[in-house]
Amino acid sequence: MEEPIIDYKHKTPDVQKQLEALREKPVVLDVEGAGKTFHGENGTVEALKDISFKVHEGELMSIVGPSGSGKSTLIRIIAGLETLSCGSAKLDGNTIDSPGPGRGMVFQSYSLFPWLTVEQNVAFGPQTLGSSKTDATNEAQHWIQIVGLDGFEKAYPHQLSGGMRQRVGIARALANKPRILLMDEPFGALDAQTRAQMQAYLLQIRRTIDVTILFITHDLDEAVYLSDRVLALDANPGRVAELIDVPLVRPRKPEMFSDPHFLSTRVHVGHLIHGDFPEEMKELEFLKEH
Ligand SMILES: Nc1ncnc2c1ncn2[C@@H]1O[C@H](COP(=O)(O)OP(=O)(O)OP(=O)(O)O)[C@@H](O)[C@H]1O
Ligand SMILES: [Mg+2]
């Protein structure tokens, strides 16, 4: 017999408890009525409109949405690299108006210093923040271990695989002890197998150090699998379509990809982002008309 279809809003008591515990944690990031309009050569673009959400301590929230829905703009605003046109974004109650060590960034491109070793790349932040060379090296060692790269301290970025480089990027961001880790499609350039490994690493890192994470991805399976909540955006203008609770307990395990709760949530998020049909189906509909 086929599995009954579960409403994506259905939650087991364990999941309910988990989500309630999360909501009682302090708010790290508070975005309220945020809007961003770009005035460029090609006219005016309303990239973000009336965005409001809160990220709690220890939460992993994903942001998904069609290309151009303002995901990167939003994360750049939170990083302090871009300013808001209206509304506010606060980190621990303080208005964000410039970059700072409270936010660690990991991008799709590795952005490591190619002339520095793994250890030197990771120690760079603490040293800039005032640690002595010895302390910074010790700190680097700690973070290198957390991302599972011990033994590669003296390697240079070009000697590492893409996944390993991205782990150095994560270690480097964590070494500044950010209040929130901002990740913009960090695994987007990796092959499927490496990507799955990186997801496992990220979940493990989160279990070890309980860091708060805001994570942009195009991969809806990844968004649901990793997150406590998924913020789905609409495009033109970029607006909140829905903030969805993920009805899965932690720790997450790969078996959960076939859990009915996972599937119902994944299907719902797919509908929000792609409309009524998944992307592949749309293509077929298009062919039928011609
Ligand atoms: N500096 C800028 N100047 C003018 N327009 C911009 C600028 N940055 C972003 N935009 C516009 O804002 C909108 C949102 O862009 P953004 O890069 O945030 O989208 P995104 O959701 O990250 O897309 P993708 O999934 O393709 O990465 C787009 O229409 C884009 O062209
Ligand atoms: Mg983007």
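## Before we start

Residues are numbered from 1 along each chain as its sequence is written, while chains are lettered from A and ligands numbered from 1 in the order in which they are written. Since the model is predicted, local features need pLDDT of at least 70 and side-chain atom pairs count only at pLDDT 80 or more, whereas totals for chains, interfaces and linings use all residues.

Helices (H or I, at least four residues) and strands (E, at least two) are DSSP runs, numbered from the N terminus.

## Around ligand 1

Let us begin with the ligand. Around ligand 1 we find Phe38, Gly40, Val45, Ala47, Gly65, Ser67, Gly68, Ser69, Gly70, Lys71, Ser72 and Thr73; a residue counts as near a molecule if its C-beta atom, placed from the backbone, lies within 6 Å of it. Three of these shell residues are nonpolar, eight are polar and one is charged. Here Ala, Val, Leu, Ile, Met, Phe, Trp, Tyr, Cys and Pro count as nonpolar, Asp, Glu, Lys and Arg as charged, and the others, Gly among them, as polar.

At least two shell residues come from each of β1 (27–40), β2 (43–56) and α2 (71–79). The most, three residues, come from α2.

## A four-stranded sheet

β1 and β2 also belong to an open, antiparallel sheet of four strands, ordered β2-β1-β4-β5. The edges are taken by β2 and β5 (94–95), each with a single partner strand, so each has one side without a neighbour in the sheet. Two strands pair if DSSP finds at least two bridges between them.

Five bridges link β1 and β4 in the antiparallel sense, and Asp30 stands opposite Lys90 in β4. Strand β4 (residues 86–91) also pairs with β5, antiparallel and over two bridges; there, Leu91 has Asn94 of β5 as its bridge partner. β4 and β5 make a hairpin with two residues between them, and Asp92 in that turn has a positive phi of about 50°.

## Helix α8

Within α8, the residues His261, Phe262, Thr265, Arg266, Val269 and Ile273 are buried. They cover an arc of only 125° around the axis, so they lie on the same side of α8; the arc is that of the directions from the helix axis to the C-beta atoms. A residue is buried with 20 or more other C-beta atoms within 10 Å of its own, exposed with 12 or fewer, and partly exposed in between, with C-beta atoms placed from the backbone. The cover over these buried residues includes β3 (60–64), α7 (220–226), β9 (229–234) and β10 (239–245). After α8 comes Gly275, with a positive phi near 90°.

Most residues other than glycine have a negative phi, and most peptide bonds are trans. In the loop between β9 and β10, Asn236 has a positive phi of about 50°. The bond from Asn236 to Pro237 is cis, with omega near -5°. Asn236 is partly exposed, with 13 other C-beta atoms within 10 Å.

A cis peptide bond also joins Arg250 and Pro251, with omega about 0°; Pro251 sits in the loop between β10 and α8. Lys177, in the loop between α5 (162–174) and β7 (180–184), has a positive phi near 50°.

Terms used
Two residues are in contact if their C-beta atoms, placed from the backbone, lie within 7 Å.
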